[in-house]
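Please walk through this structure with me. Keep the sequence and the 3D view side by side.

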Amino acid sequence: MSPVSKLFKVKDEYIYFDSASSSQEYAKNNPGAVIVRNLDAIEDDWTIVSQEPKKEPRLDKSPQMILEYLNEHIISQDEAKRDIALAMYYHSLKAKYPTNCEIGTNGPVMIVGPTGSGKTFIVQKACEYIDTVFLHVDTASMVPVGIKGYSTTNIISDIFSKANYDIKKASHCVVFLDEIDKLFHTDDASKYGPKVATQLLRIIEGSKFSLPEDVTKIVGDNGIEEFDTSNIQFVLGGAFQWLLDEKKDKKSMGFNSQDNLRNTAEITLEDLYREDIPKELLGRMSSIINLKSLSQEDYFDILTKSLSSPLKEFVKKIEFHGDKVDINDETLHYVSKKAAQSELGVRSMKQTLKSIFNDALFATSSADYQTHIIRCEGNLPSVNLK
């Protein structure tokens, strides 16, 4: 009998079987018989290999893949990118397996960071990679429902518009509620702030809403009457600058470097609980993600290494006409320094680049092919043609 015919046996007996089915049949007819795998069958070149279940990926885009994509476009903010990648992955997972209770709900997250640090951009690029509808909302300009202006009703309309009125895409979109801090802080809050926050809470916590009239006109024939926000991933963004300033003041003793203060001050859930922010809203946050202010070196890396460098936008406009751009590192360091000194962050870089490239953009439509040489002269950039 070959080794293969002895794969199974009766324990403590010299009775062998060539397959699991035959051994099970014997056990059925002989109550009390114990069937075991015959280890003696592993002889010479015969090997019994246990078949481990293969781990199949639940999605074709893992948190690591999302993070790698973010790294290509976003400089620094390593912890924040990792947290966002994880949140977006589990949001995608819930969208694919909506009835799987083991996954649970992916609660809203809050991103805290200075103006121009990349709060919106990180989420937007993650949504781009996972092919999910992204909607940006400026909550500071919102008004309560019933008052003329942008309200939660408009959010639902915009969600459907962004999703091309596809109910599945709309139900699993990502909504970024920006400037959320300006609803509460006394210096920034409008008279509508608290009421708008209450209405936002209802949409964030997952509720069913009657469809706005403009949406009903398009999807009403599909039998859709209500819209459930339970599966939407909400991201709340805010600078909370007054809290960061307080933390910097407390840490200023013992620190000599402003960079140390900038990079160590973080907002926690406990900090927000001490403010006038509704506890019901904070209680639904699954995490708080802090972004740091960017350094001059970070801005230089954004210009030279990021696939989403604002420099590329201006260069492409000139190269579209067949011209070339020759810009040196000194000029880019000038742009980076201006951004680091500004309170506008990346937005400041775009403004500075626009002023530098303005003459080149004006001249590039000329019939002659040219090279636009951009150099810093006397600490100020200038453009010469070649």
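Tyrosine 89 is buried, with a relative accessible area of 12%. Buried means under 20% relative accessible area, exposed means over 50%, and partly exposed lies in between (1.4 Å probe, protein chains only). Tyrosine 90 is partly exposed, at 37%. Rings of Phe, Tyr and Trp (its six-membered ring) pair if their centres lie within 6.5 Å; planes under 30 degrees apart count as stacked, over 60 as edge-to-face and the rest as tilted.

A word on the source. This is a predicted model, in which local features need pLDDT of at least 70 and side-chain atom pairs count only at pLDDT 80 or more, while totals for chains, interfaces and linings use all residues. Residues are numbered from 1 along each chain as its sequence is written, and side-chain values use heavy atoms, with hydrogens and water left out.

Now the whole chain. It has 386 residues, and 41% of them count as buried. There are 16 helices and 13 strands. Both are DSSP runs, numbered from the N terminus: helices (H or I) have at least four residues, strands (E) at least two. The chain exposes about 22100 Å², and carbon and sulfur atoms supply 47% of that. Accessible areas come from the Shrake-Rupley method with a 1.4 Å probe; for residues, only the protein chains shown count as cover. Take the contacts between residues at least 6 apart in sequence: 66% of them join residues at least 24 apart. Contact means heavy atoms within 4.5 Å.

Next, the sheet at strands E1 to E3. Three strands form an open antiparallel sheet, in the order E2-E1-E3. Strand E2 (16–17) and strand E3 (35–37) stand at the edges, each with a single partner strand, so one side of each has no neighbour in the sheet. Strand E1 (residues 8–10) pairs with E2 in the antiparallel sense over two bridges. Two strands pair if DSSP finds at least two bridges between them. Phenylalanine 8 stands opposite phenylalanine 17 in E2.

What about the interior? In soluble globular proteins, nonpolar side chains tend to be buried together. Here the largest nonpolar core has 44 residues. Ile155, Ile159, Val175, Leu177, Leu200, Leu236 and Phe240 have the most contacts inside it. Helix H7 (residues 193–204) gives the most to this core, with six residues. Another core, of 27 residues, lies apart from it; Ile66, Leu70, Ile74 and Leu93 are among its members. A nonpolar core is a set of buried Ala, Val, Leu, Ile, Met, Phe, Trp, Tyr and Cys residues joined through side-chain atoms within 4.5 Å.

Helix H5 (residues 152–162) is worth a look. Its buried residues are Thr152, Ile155, Ile156, Ser157, Ile159 and Phe160. An α-helix has 3.6 residues a turn, so residues three or four places apart point the same way. Asparagine 164 follows H5, and its phi is positive, near 55°. Phe160 also belongs to an aromatic cluster with Tyr165 and Phe227.

Which residues does phenylalanine 240 touch? Not counting residues up to four places away in sequence, they are Met110, Val112, Ile180, Asp181, Ile267, Leu272 and Ile277. Phenylalanine 240 and tryptophan 242 are both buried.

Leucine 282 sits in helix H12 (residues 279–282). Leucine 282 is buried, with a relative accessible area of 1%. Leaving aside neighbours within four places in sequence, leucine 282 is in contact with Met110, Leu269, Leu272, Tyr273 and Ile277. Leucine 269 is 13 residues away in sequence and 7.5 Å away in space, C-alpha to C-alpha.

Is lysine 81 buried or exposed? At 2% relative accessibility, lysine 81 counts as buried. Lysine 81 is in helix H3 (residues 78–96). With residues up to four places away in sequence not counted, lysine 81 touches Leu67, Leu70, Asn71, Ile74, Ile75, Ser76 and Ile122.

Last, the cysteines. The structure holds zero disulfides, a disulfide being a pair of cysteine sulfur atoms within 2.5 Å. Cysteine 127 has its closest cysteine sulfur in cysteine 173, 8.7 Å away, which is too far for a bond. Cysteine 127 is buried, at 1% relative accessibility, whereas cysteine 376 is partly exposed, at 25%.
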